Amino acid sequence: QLVWLVDFWEKRGRATGETWPYDTCFLDESSKFKDPTTKRWAALNKARSRLKRLYELTASPASEHYEGLFAQLFLLDRGERLGRNMAGYHRKYFRQLPSRKWHLRKGNDKRIADRIADICKVVKLDDVREYVQVEDWLPVTRKIVLPTEVRQQYKAFEKDFILELPDKIVEAMNSAALFNKLLQLSAGAVYDAEKRVIPVHDEKIEDLKQLVDELGDEPVMVTYWFQSTLARLRKAFPDAVVMDREARCKDAWNAGKIKMLLVHPASAGHGLNLQKGPGAAVAIFDPFYSRELFEQVIGRLARQGQRKLVRVFKLVCVDTYDEFVYDCLEDKHRGQQRLFKFIREARARFASNDNSRRRTKRDVAA
């Protein structure tokens with residue numbers, strides 16, 4: 001509703017002369033404003049000059065890459081620290097790869113942290129434990145070995161871009177399509193050229209059934225990425241409930257009336273409080289490439305008010321791109337943790353310098 005809100009006050013101002021009434025803005029999940037080409041960013045940027053104070057809150061400011069920091073910081077300081085435009089930010093801190101993508105130059109993560117530390121504060125879990133009850137989450141990797149025939153099909157597909165099935169041939173047109181289809185194959189089904197779902201195996205489905213048995217009466221939230229996975233999960237678990245766009249099933253989940261909740265990370269990543277019920281288990285069926293969504297969907301259960309240790313079960317097919325995706329997610333996590341570390345160190349230096357200046361002034365006065 002942000003775009004609507006800004007437009008509303010612009011039209012009202014022209015019609016009645018009433019001015020923008022808000023002097024302070026708290027921007028929750030500011031990582032949603034990391035793209036300066038979006039309508040929501042443009043709307044807030046338009047209203048920014050009318051705000052006296054802007055506070056941004058996010059647990060994942062750079063979960064994907066450091067490029068997303070520019071737009072968030074520009075809203076705060078109007079380009080004072082990272083520059084007035086994205087092109088300049090790229091030239092100063094990045095180098096362009098042959099693929100046309102931008103790669104952060106070595107050492108510039110620390111330089112960026114030094115530039116922004118005076119207006120950024122990092123609050124870690126240990127900082128708030130004495131004030132609020134917040135639980136960690138425990139990752140558990142469930143390794144799945146594919147049958148020999150499927151492994152051979154997978155390797156041949158990876159090498160030749162062609163998957164030969166008993167009654168169908170599936171072709172990947174480029175490397176990006178191949179990567180996606182290999183993840184689908186690990187999950188158990190692939191799309192053909194006509195977007196039809198071709199089942200290949202049920203190894204992950206069977207492992208999820210075993211996990212459900214192990215959990216006993218404890219509910220489990222299962223995340224999927226592909227619509228083919230959703231269809232197969234609904235067939236294998238007829239009583240499972242799919243999270244709807246309006247989250248109408250939230251109360252039933254928190255009341256313990258849902259044994260399995262199927263959610264897509266992109267639609268259940270922010271704002272949902274699912275921690276109040278008996279369910280504290282998450283099963284990641286399809287691995288996905290966004291660290292931000294990964295953390296946010298887990299955070300629906302692992303958040304203030306959760307009384308149990310949240311366990312995150314990653315269903316990983318051995319020797320497939322499943323493992324590669326999780327390695328990439330860990331790399332993104334380490335990069336973001338470095339940013340947090342550098343900001344805290346820079347703030348500590350600022351505080352130390354301020355104290356030294358105060359002592360010097362006292363000595364001169366004495």
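Entry 1, charged pairs. I began with Asp 331 and Arg 334, whose side chains meet in a salt bridge at 2.3 Å, N to O (a salt bridge being a side-chain nitrogen of Lys or Arg within 4 Å of a carboxyl oxygen of Asp or Glu). Because they lie 3 residues apart in helix H13, Asp 331 and Arg 334 are separated by about one helical turn; I note that helices (H or I, at least four residues) and strands (E, at least two) are DSSP runs, numbered from the N terminus. Asp 331 is partly exposed at 44% relative accessibility, and Arg 334 is partly exposed at 43% (buried means under 20% relative accessible area, exposed over 50%, and partly exposed in between, with a 1.4 Å probe and protein chains only). I also found that Asp 77, Glu 80, Arg 81 and Asp 118 are joined into one network by salt bridges that share partners.

I record the limits here: this is a predicted model, in which local features need pLDDT of at least 70 and side-chain atom pairs count only at pLDDT 80 or more, while totals for chains, interfaces and linings use all residues. Residues are numbered from 1 along each chain as its sequence is written, and side-chain values use heavy atoms, with hydrogens and water left out.

I counted 28 salt bridges in the structure. In the one between Asp 192 and Arg 196, with 3.1 Å from N to O, Asp 192 is buried at a relative accessible area of 3%, whereas Arg 196 is partly exposed at 46%. I then looked at Arg 232 and Asp 202, whose closest N and O atoms are 3.3 Å apart in their salt bridge. This pair links distant parts of the chain, 30 residues apart, with Arg 232 in helix H10 (residues 227–236) and Asp 202 in the loop between strand E9 (197–199) and helix H9 (203–215). Arg 232 counts as buried at 13% relative accessibility, and Asp 202 is partly exposed at 42%.

I traced an open sheet of 6 strands, paired in parallel, in the order E5-E14-E13-E10-E12-E11 (two strands pair if DSSP finds at least two bridges between them). Strand E5 (137–144) and strand E11 (241–242) stand at the edges with a single partner strand each, so one side of each has no neighbour in the sheet. Strands E10 (residues 220–223) and E13 (residues 281–284) run parallel and are joined by 3 bridges, and Thr 223 has Ile 284 in E13 as its bridge partner.
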